[in-house]
Amino acid sequence: MFYRENGQFKTSYRSDQQIFPIRQDRVLVTLLLVLAFVAVPLLASDYFLKAILIPFLILSLAAIGLNILVGYCGQISLGTGAFMAVGAYAAWNIGVRFQGTPLVIQILLGGAFATIVGVIFGIPSLRIRGLYLAVATLAAQFFVDWAFLRIPFFTNYSPSGNVSVPALTFLGISLQGAIAKYLFVLSFVAVFALLAKNLVRSAMGREWMAIRDMDVAASVIGIRPMYAKLTAFAVSSFIVGVSGALWGFLHLGSWEPLAFDLNRSFQLLFMVIIGGLGSILGSFFGAAFIVLVPVALNHIPSLLGLPLGVDTAAHIEHMIFGSLIVFFLIAEPHGLARLWAVGKEKLRIWPFPH
Amino acid sequence: MGFFLETLFGGLMTGMLYSLIGLGFVLIFKASGVFNFAQGAMVLVAALSMARFSVWIPQWLGFDSLLLANILAFAVSACVMFVMAWAIERLVLRHLVNQEATTLLMATLGIAYFLEGLGQIAFGASVYSINVGMPKEPAFILENLFEGGILISLEDLTAALVAATLVALLAIFFQVTATGRALRAVADDHQAAQSVGIPLSRIWVIVWTVAGIVALVAGVIWGSKFGVQFTLATATLRALPVVILGGLTSVPGAILGGLLIGVGEKVSEVYLGPLVGGGIEIWFAYVLALVFLLFRPQGLFGEKIIDRV
């Protein structure tokens, strides 16, 4: 009743090609942005910003990057953590070796290095498909983990492989407070989400989707598989690399290669699958699910007053997390984004049945 | 030369273990099209259950025989694997028929999380040992050929023999028995198998149980060598390149791939490792498999991938 496009006529090509064609969507997105940029910093506590919102935003960004590869181009990757690591370490190295490089440039260059590594490990995708590719991308994960542990140059000869970033500033503003960090991350995520949303409906995005749906058919109608697959790997690992740099610089502060291990890759893949393959919005849903569930599970025993050991609690958390994932896959294999889409369809005709 | 042969033997023994774990992957993939990431968790649960029951059962029943305790513990652990297989089919696979490979992969990751949690709650999370009476002392062979002979570990040799026996038994089971024939039919074509009256769900339970028992044997061997602990679940990731090298759908491929990777890993670590700072066996197998796949995307023995528009 309230959510429908009646009376919204498209009288120009411009209005026909908007990102959000329905006015209600535009209002909703604007409201969300206002809420995120103005209301949240005013209301949220430091703990909430640092422990929940910042990780959620950065992981959403990484999930968007992965979703471009898996959801839009159909190439499964289990090496996302590695590309995050490359982004983080490259950005850190640039900061250390070229003192005075602005933070934003560092982070973007981190993304650029991740792009290079991503394209190199994307080359096998031209020959290898499906599950074979998934396992092959593990090569990236293990190789990168090893490289940052064993090659001292990358960690500037720090003995334990542990690196830490100095005090961050952006245009002369210190990024030490939770609110400043949050706003910095939020701006990155908002810009990249918008770019990604635009990219996937461009010619490039359509090529990716054609390759995903049937690559032989796509090449028959004149799409170059090599170009399409490698651009997907490049764009995806750029975004993932940027998110890795953000994760290291703004969330962790100091980290070691373990911060980007295989579990991180699995976690990101979970976000993409649970959120919904081939949906930018789904990446946010998935990230919210994966970030919030462990936090919630952590608090439940103490709320119920159950005296659980740390170990047992961790194991039970594992079990519940695993079964929730299976449950979601069974209940809605197309992810939370699909539930959202169904909800919107229902909303259009509400309160009438047809 | 003697040292090289020693390295080679060491690699073959590790390779046998990889083959066993790879076999579990292949069995399940062939029969149900599921790439089972939970195989590692299954090995962990099986090994934990073996380690604990072999201590608990003598305590409960009040006898003191290592052999009997181990046999009973093995039987109980096999039952545990059967119950697990049944539960997985009933609660997960049945509801995910016809879903995409990625969804199934993620579901097995969910199962892996669940099993890791469950196993450690049920059996405890410390480091346990399994004692199945494997010979621990090393032996020297070919002493007349090389000076001092070649050092091989009898434990590894026994393990390799056990693994080889298991593979032979499985081969007989698949080739001779009616159930084995049904399993092969399902692996060949789900729909055709179903249309001649082979019950898919029962086949899946059998296959997961068989994979569980393979996991149990792998867990016992691995556990008696290095002890049973949580890292067992991730150690099995090392066996993944085996499967893609040999081909996801090929049992001989898993065995040969396992041996190849085992040898490649050891030889590269010994001869190449010192040049680049060591620890390369973690990724060497993956890169080897990756390069190999570039030339033969379906693995050594995998079915040829045919694309139709």
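How closely do the axes of helix α3 (residues 46-72) of chain A and α11(A) come, and at what angle do they cross? I started there, keeping in mind that this is a predicted model.

**Entry: two crossing helices.** I looked up the pair and found that the axes of α3(A) and α11(A) come within 9 Å, crossing at roughly 70°. Angles of 65 to 115 degrees count as roughly perpendicular, so I noted α3(A) and α11(A) down as roughly perpendicular to each other. Next I listed who makes the contact. From α3(A) I have A:Leu59, A:Ala62, A:Ala63, A:Leu66, A:Asn67, A:Val70 and A:Gly71. From α11(A) come A:Leu268, A:Leu269, A:Met271, A:Val272 and A:Gly275.

**Entry: A:Leu61 and the core.** I then went to the largest nonpolar core, which has 203 residues. The members that touch the most other members are A:Leu61, A:Leu246, B:Ala47 and B:Val207. Helix α8 (residues 200-226) of chain B gives the most to this core, with 16 residues. What does A:Leu61 touch, leaving aside neighbours within four places in sequence? I wrote down A:Phe188, A:Val189, A:Phe192, A:Ile239, A:Val242, A:Ser243 and A:Leu246.

**Entry: where A meets B.** I checked the interface next: 39 residues of chain A are in contact with 38 residues of chain B. On the chain A side, the elements giving two or more residues are α6 (130-150), α9 (215-220), α11 (262-275) and α13 (310-331). Of these, α13(A) gives the most, with 13 residues. I sorted the chain A side by class and got 29 nonpolar, 6 polar and 4 charged residues.

**Entry: a loop residue in chain B.** I picked B:Asn131, which lies in the loop between α4 (101-123) and β1 (138-141) of chain B. Not counting residues up to four places away in sequence, B:Asn131 touches B:Leu66 and B:Ser224. I also looked up B:Val220, which is 89 residues from B:Asn131 in sequence and 8.8 Å away in space, C-alpha to C-alpha.

**Entry: confidence in chain A.** Last, I looked at pLDDT. Chain A has a mean of 83, and 97% of its residues reach 70 or more. Within chain A, strand β2 (residues 169-170) is where confidence is lowest, at a mean of 71. Confidence is highest in helix α10 (residues 225-252) of chain A, at 90.

Note on methods
Residues are numbered from 1 along each chain as its sequence is written. Chains are lettered from A and ligands numbered from 1 in the order in which they are written. This is a predicted model: local features need pLDDT of at least 70, side-chain atom pairs count only at pLDDT 80 or more; totals for chains, interfaces and linings use all residues. pLDDT is the predictor's confidence in each residue, from 0 to 100. Helices (H or I, at least four residues) and strands (E, at least two) are DSSP runs, numbered from the N terminus. Two residues are in contact if their C-beta atoms, placed from the backbone, lie within 7 Å. Ala, Val, Leu, Ile, Met, Phe, Trp, Tyr, Cys and Pro count as nonpolar, Asp, Glu, Lys and Arg as charged, and the others, Gly among them, as polar. Axes are lines fitted to C-alpha atoms, for helices over the stretch in contact, and angles run from 0 to 180 degrees between N-to-C directions. Angles under 35 degrees count as roughly parallel, over 145 as roughly antiparallel, 65 to 115 as roughly perpendicular and the rest as oblique. A nonpolar core is a set of buried Ala, Val, Leu, Ile, Met, Phe, Trp, Tyr and Cys residues joined through C-beta atoms within 7 Å. A residue is buried if 20 or more other C-beta atoms lie within 10 Å of its own, exposed if 12 or fewer, and partly exposed in between; C-beta atoms are placed from the backbone.
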